[in-house]
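Reader: I would like to learn how to read the features of a model such as this one, with the cut-offs stated. Could we go through it step by step?

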Amino acid sequence: MEMIPRFFKRFGTLLRRNRFNSELDEEMAFHREQKEKELREFGVAPEAAHRAAVREFGNTTRLKEQSYEVVGFRFETVWQDLHFAIRQLRRSPGFTLTAIVMLALGIGASVAIFAFVDTALIKPLPYKDPTTLADVAESGKAFRRSNLSYQDFADWKKMNKVFSALEAYTGTGSLIDTPSGVEPVPGARVTAGFFRVLGVTPALGRDFYDGEDKPGAADTVMITYQSWQSRFGGRPDVVGQTVKLDGTPNTIIAVLPATFQFAPRGNAEFWKTMHELNNCEKRRSCHNLFAVGRLKDGVTVAMARTEMLSIAKLLENQYPDSNRGQGATVQPLYEQIVGNIRPILLVLLGGAALLLAIACVNVSSLLLVRSESRRREIAVRGALGASPSRLTRQFITEALVLVLSGGLLGLSFAYCGMHVLLKLISKDAMAYVPYLAGVNLNARVLTFTGGICMLAAVLFAMTPVLRLSLTALRDGLNDGGRGAAGVLWRRIGANLVVVELAIAVVLLVGAGLLGKSFYKMLHVDFGFQPDHLATAQVVLPETSYAKGPQAVAVTRRILGDVAALPGVKSASFANQLPVSGNGNTDWIRIVGKPYNGEHNEVNGREVSADYFKTLQAKLIAGRFFAEDEDASKPLVIVINKVFAKQYFPGEDPVGRKIGDTSLTPTSLREIVGVVDDVKEGGLDEAVWPAEYRPLNQNNDSYLGLVVRTTQDEKLVLPALGTAIHKIDPGIGVVGEATMIGRINESQTAYLHRSAAWLVGGFAVLALLLGVVGLYGVVAYSVSQRTREIGVRMALGAQQSSVYRMILKEAGWLTGIGIGAGLICAVAVAALMRGLLFGIRSWDVPTLGLVAVVLGAASLLASYFPARRAASVNPVEALRAE
Amino acid sequence: MVKKSDLMPGTLDMMILKTLTRGPLHGYGIASSIKRASDEVLTVEEGSLYPALQRLLLQNWVKAEWKATETNRRARFYTLTVAGRKQLGVERSQFELMITAIGRVMQDA
């Protein structure tokens, strides 16, 4: 196949025709001069010599053309080919349209997904030298990566020799006054050098100066560009103004650039320093930070990890009480930011690639069918003097026209697809994947598109060329385009359709598994009734409700008023809503059990007395809290089943006491009840041991409101804020949502739903394309065998045996395709095991269902051609020749 | 004087390749070299020479390079490639086969 590279060489000449011509001109001029010189040396007069040389040389233009014809192709012939190709394609609009749309679907899907892969995984993070930034955190028994304690952070920063800078951040929220009342706004607290370590400089104003995170520094804040636009009208004089956060005036010192994004705290609008340590940050045993480090030159992540682990070890020896078992994790920052989305994006890219493969195989087999029916045309053209290369060029031109049209249409599909997908991402979800907003058709994406188009073009150009291996040209004239060649085609075409069906199986199984895991995920055992629950976040301004009794009074009033709303059965508070994530943990020690200093980590939650009743979580043993159990009463807790099983195996936990790691008398509390395992963590997380404490004994100003309704819970949502603001307009109410809505929109559900839907979409297209492909193969084979069938029927074959013959052929192809597909599917599913939930990669029902669906669809696809075959009129079939 | 059109097909390519075995030459050099070697019997017309050279270039049997001549004029010099040398061998044996065959036919006649 030297034809192809030579084709491109010629193509190159075409593009450089001017240069080709001028070089040839120069070469010929040189030749004439030499000749002239030679003649003059023979004694011919200069004038005559010149004329002779020119005359002898002949018509230079004609000469040039002759040379050019050898090398390039004249533009006219390219134009002819193009013209002819378009005419050919227009003559069979069905084929052309099908081929272009199939290609466009495949290319569009791949390009759209690649654009997301590019923006998330390939494009560097928008920081200075992002590859030398590391995510630094602690690690505990339960978490591979856990929050960092401020005290530990301070020591790590001092002691390490691997980071040129190490800066910490944590999330926070503040109540701010807006024209429509107070509003809780997410923010972040950082150490002073945070933006410098990222290499981000404010768009307006100044960065935090060193030491601005030390006690006594003034209250200053940086705002995001988006916040500047929406809350401060983009006024240029915003720097220097003050904004009240939680009632405290803060000076705005800077506006961050519009392009600034930091996914771990994606929704933060206000960035402050940690100049006032909160209660948690004063204790070494309390963990609430993460850190970003800038690796020194030549330091790898692995080296940094080793160093941080040894520092953690030192601290563990120094502070055994708080630091036992606390290790360190260091990973590239991009790993932390895009790590969770990578497997899903790669699965999607794989799905899109398979779809593209099916589309290409389908178009190739269509081309094959066409080349078959054009054997005669080709043979005639060959006989009339078209050179083999010219004929090949015709196919290449046709392939290029197809691919170019398919590619352009595909690009527009991709463009629309990207924007639709972006629109589908909710604003809340977007805060955690801000880098996806940068998705566009950039140079890399266009290069990718060009690359796959090129591959497709080569494939499509090769298909008919291979098929019509040029020696076979002459045969085309004499036989009717049937016989041995038909058999050969059936063999190639059949292989192609087997490949298609196998790919369709892989995609269908993938979609089935993802869909089923998603369904299982949404229907995990929540340990409570998630329907008919309305929720909201309530933020009590600490200025008014810092003291226990005030807080207890206001929460009681809120719950009383909300419960009195029409359609509401009961209302309750928890400091963290269910299904929002494990964490916020407590280290416990059980009175009367041996203790060796290990950290028994359990989820800790503060809940109001009616909480479990509102959730409709089952009481397993003992009792729930009483409303009057406040700070004046002995401390009590309710634990979940996992807690009971893990720490009191075979015992009755009710009546036992637990305390902090040193059993401080004030920390001791009595277990009064065991509740069913309420899902606190994400949908795909295991249930952890949990202890629930009465809210009235442990105040919190950030509360989740949970309301059990008798009517549609959505109708209650708007009333919640109104009812609470009637009590105190200074209380923040935000994020009103139904529990079902929260579960469906949770990040885990979100990622899995997107994956399931997209792969599902690809699978449906693949099914369609695969079945169309099979139909094409069977229908073509029937049309090729019309005469044979006619002969068979003339010799007495029954219609039923003709059906059988055709369906048997289709059945074989389908069977092999599905069988091979199932094997590949199990292998592929094993690769994406990480995305599956509650389901094995060889889930038999899914595999079976896919086989049945595809089998039925294939049967249908081959039934129609089979019917046509069976209704062949033998007399007509024989006469048709 | 024998013109190209009277030559057996393919012999011009073979002669160009042969001429280039003695080293790089420009188009004029090739033409005059063939003329000289054939004792002025074979005149290569420019009309066939340059298309033939382009054909050889396309097949990668020769390489072209712009260089200065002894008189310091810019000219395109053609050099035989390894593939070209191989091709010359093929053509030469085919040619000899042909000549012998023709010779036998002519003798018997």
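This is a predicted model: local features need pLDDT of at least 70, side-chain atom pairs count only at pLDDT 80 or more; totals for chains, interfaces and linings use all residues.

Author: Let us begin with burial, where buried means under 20% relative accessible area, exposed over 50% and partly exposed in between, with a 1.4 Å probe and protein chains only. Residues are numbered from 1 along each chain as its sequence is written, chains are lettered from A and ligands numbered from 1 in the order in which they are written, and side-chain values use heavy atoms, with hydrogens and water left out.

Reader: In which sense does β15(A) pair with β14 and with β20 of chain A?

Author: Two strands pair if DSSP finds at least two bridges between them. Strand β14 (residues 585-590) of chain A runs antiparallel to β15(A) over 4 bridges, with Ile588(A) bridged to Asn600(A), whereas the pairing of β15(A) with β20 (residues 690-694) of chain A is parallel over 5 bridges, and there Gly604(A) has Glu691(A) as its bridge partner.

Reader: What is the strand order of the open sheet in chain B?

Author: The order of this open sheet of 3 strands is β1-β3-β2, with antiparallel pairing. Its edge strands are β1 (25-26) and β2 (62-68) of chain B, each of which pairs on one side only. Between β1(B) and β3 (residues 74-80) of chain B there are 2 bridges, and Leu25(B) has Tyr78(B) as its bridge partner in β3(B).

Reader: How should I read a salt bridge, and how many does a search of the whole structure find?

Author: Side chains of opposite charge can pair when their charged atoms come close. The criterion is a side-chain nitrogen of Lys or Arg within 4 Å of a carboxyl oxygen of Asp or Glu, and the search finds 38 salt bridges over all chains. One of them joins Arg284(A) to Asp155(A), with the closest N and O atoms 2.9 Å apart. This pair links distant parts of the chain, 129 residues apart, with Arg284(A) in the loop between α10 (279-282) and β10 (287-295) and Asp155(A) in helix α7 (residues 150-159) of chain A.

Reader: Are the two partners of that pair buried or exposed?

Author: Arg284(A) is buried because its relative accessible area is 13%, and Asp155(A), at 11%, also counts as buried. In another salt bridge, between Lys157(A) and Glu167(A) at 3.1 Å from N to O, Lys157(A) is partly exposed at 38% relative accessibility, whereas Glu167(A) is buried at 7%.

Reader: What does Ala134(A) touch?

Author: Contact means heavy atoms within 4.5 Å. Ala134(A) lies in strand β1 (residues 133-139) of chain A and is buried, with a relative accessible area of 0%. Among the residues it touches, not counting those up to four places away in sequence, are Phe163(A), Ala291(A), Val330(A) and Leu333(A).
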